Amino acid sequence: AAESGLNAWLRYAPYAGSVFDQSKVPLHIVALNTSTASPVYVAGQELQTGIDSIFGQQCNVHHSHWGPSATIVVGTIDEYTSVYGELSSTPELIEDGFWLNTTGNSVQILGQNERGALYGAFEYLSMLAQANFTPVAYAANPAAPIRWTNEWDNLDGSIERGFAGNSIFFANGVIVSNLTRAAEYARILASIRINAVVVNNVNANASLLTPDNIAGLGRIADAMRPYGVQVGISLFFASPTSAVQGQANLTTFDPLDPGVVNWWTNVTNQIYAKVPDMAGYLVKANSEGQPGPLTYNRTLAEGANLFAKALQPYGGVVMFRAFVYNLVNESIWTQDRAVEAVQFFQPLDGQFDENVVIQIKYGPIDFQVREPASPLFANIPNTNTAIELQVTQEYLGQQCHLVYLPPLWQTVLDFDLRVDNKTSLVRDVITGQRFNRTLGGSAGVVNVGLNETWLGSHLSLSNLYAYGRLAWNPADDPTSMVQDWIRLTFGLDQSVIDAITQMSLESWPAYENYSGNLGEQTLTDILYTHYGPNPQSQENNGYGQWTRSDHLTVGMDRTVSNGTGFSGQYPPEVFQMFENISTTPDNLLLWFHHVNYTQMLKSGVTVIQDFYDQHYAGAATAQTFVSTWQSIQGLIDAERYSDQLFRLVYQAGHSLVWRDAIVNFYNNISGIPDEAGRVGNH
Ligand code: GCU
């Protein structure tokens, strides 16, 4: 079982010198809960399994006071003090936090709640699995309460933008009977401190709300609850008029209609009867053809508050997506999809109920290889916010390319919006710290499937692992996250750690370079597959994903002075920076400015020459991933070695396809030769 991909980074592999030593690891485990479905009980089992697997030692698990011998005690802080008496000093813990103390004779793993205790057990096991026996005593608390994943699973079992097989939750319109994989997924998520999963696609289907499916949601929740993972669902806004079997069928879905209010209250009550701890609703409304409150001339806030009121008695949360836009027309110079979110939401600031959180994609367009931080984070200080990140690599190689995403995410999380000329990091906005909000956090679009690697390739799991770490602590470091993940996944050999660290950290810059650099967007096919190069598709589409490339010029003019005005949605200092070419960083130049191909960059080359140079450089880096991976042959198991080698060889080849498609496109359209003579016949 330790080799199964289903264990992800929870493999607990033995390592050289992993001999059980009672002076380092106690032989007795005390898990202070007797209920087998409780996270604390599960923590006791996990500790037992992990220690057995790493050290070959079967520990005893007790569920009440045990002593005087050395023990690993796991439980809530309240339970601990009632069994063992007061701690010498009481750690400051907030919800889901834990106290880990390995300095004494016994190890204490004490949660503010059961979930926190389980998180602490995983933390301790992660140390043991990495041969880290440094005595520690610290309290760990989450930066934000919302640490969710979104799964874009359809009820028929397919997954929108899923690259790892069919759904672990749904098939043929209903919830599957065998939910083993759901429980296994919850275990993995608990180890990275994710506390809720929205199980169905944001493009939701009303038939999720039949009595049978509501009962099925209850079964999913039961499977995940022992790991402290709650279930949430996406709603179809027009469900009241969708003739849902077993529910009333109305003639309107107007959010202010009393019958509609009643309908949602009723359905919400039915759900909580089966899922008493349901996390909440995720709503994609008036976006990409989805119905919403605007259909009835009601505001987005009125739409969100409809659900907020139904959830409020149960403590549920509405995650209302900011991904709202109308189709735009490229022939109008000032039209720009990027400006729409702020236009829709800024006037509504302060009108959302307290249990509504606006879920904002990291950039203003759509999960591109580089985007500036969404200005919406700066524009709704009286509203709860969460950042939406995408673990599934929709535009970013779809798990066929290695692209380690935290360095990209970090460009947004660490971005300083300078609201009121004060430090205003996006990560401090979403945690609620900057604007004093109590709710907030992260949603990661993950889209795991039935594939035994969960995501479709072994190396793509570093993105899921790091997503959880960042949801807990958005200031966490991409290098240390990937290195912990490598040790847990592939072992402790230093050359393995060095090789995979290097590839991982080079992978996003390489992908950016061989796809769309200088802030030009990813340049994938955006009409159908979102995969592979298709620069032609970046013009004349209704989605507003444009580059405005012609024979002389390229880039979107998003200035206030001459363009779409997008730069003006940032607070003054940031606006000034992006409004002017001279202060816009090269890597976002074409996001904000429409320039000649001969425009000189800060790096000292022209835009067109940089296209050529970076596409060659990015593809050259991708070639090295193959040899770097080959350098660890024999140091990891043969199966994962060859699986991943296949992917990396493919990526190396596809990076050349990318390079040639893009450089030839720009060479043809501009007629400007490559100074290095690599491109075209001009
Ligand atoms: C992207 C993606 C869609 C998805 C949408 C969303 O556009 O391609 O499949 O529905 O984002 O986030 O709602």
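These legends walk you through several close-up views of one predicted model. Residues are counted from 1 along each chain, in the order its sequence is written. Because the model is predicted, local features need pLDDT of at least 70 and side-chain atom pairs count only at pLDDT 80 or more, while totals for chains, interfaces and linings use all residues.

**View 1. Helices H1 and H3 pack with their axes within 8 Å.** Helices (H or I, at least four residues) and strands (E, at least two) are DSSP runs, numbered from the N terminus. H1 covers residues 39–55 and H3 covers residues 114–129, and their axes cross at roughly 10 degrees. Axes here are lines fitted to C-alpha atoms, for helices over the stretch in contact, with angles from 0 to 180 degrees between N-to-C directions. That crossing makes H1 roughly parallel to H3; angles under 35 degrees count as roughly parallel, over 145 as roughly antiparallel, 65 to 115 as roughly perpendicular and the rest as oblique. Among the residues making the contact are Val-40, Leu-47 and Ile-51 of H1, together with Leu-118, Ala-121 and Leu-125 of H3. Two residues are in contact if their C-beta atoms, placed from the backbone, lie within 7 Å. By class, the H1 and H3 contact holds 13 nonpolar, one polar and three charged residues. (Ala, Val, Leu, Ile, Met, Phe, Trp, Tyr, Cys and Pro count as nonpolar, Asp, Glu, Lys and Arg as charged, and the others, Gly among them, as polar.)

**View 2. Gln-48 sits in helix H1.** Gln-48 is partly exposed, with 18 other C-beta atoms within 10 Å. A residue is buried if 20 or more other C-beta atoms lie within 10 Å of its own, exposed if 12 or fewer, and partly exposed in between, with C-beta atoms placed from the backbone. Leaving aside residues up to four places away in sequence, Gln-48 touches Ile-29, Cys-59 and Val-61. Ile-29 is 19 residues away from Gln-48 in sequence, and their C-alpha atoms are 7.5 Å apart.

**View 3. Helix H12 is largely enclosed by the rest of the structure.** Twelve of the twelve residues of H12 are buried, including Tyr-465, Arg-469 and Trp-472.

View 4. The ligand is surrounded by Glu-160, Arg-161, Val-202, Asn-203, Lys-284, Phe-323, Asp-366, Glu-394 and His-530. A residue is near a molecule or strand if its C-beta atom, placed from the backbone, lies within 6 Å of it. This shell has two nonpolar, two polar and five charged residues.

**View 5. Phe-367 has a positive phi.** Its phi is near 50 degrees, in a residue other than glycine. Phe-367 belongs to the loop between strand E14 (356–361) and helix H9 (376–379). Is Phe-367 buried or exposed? Phe-367 is buried, with 22 other C-beta atoms within 10 Å.
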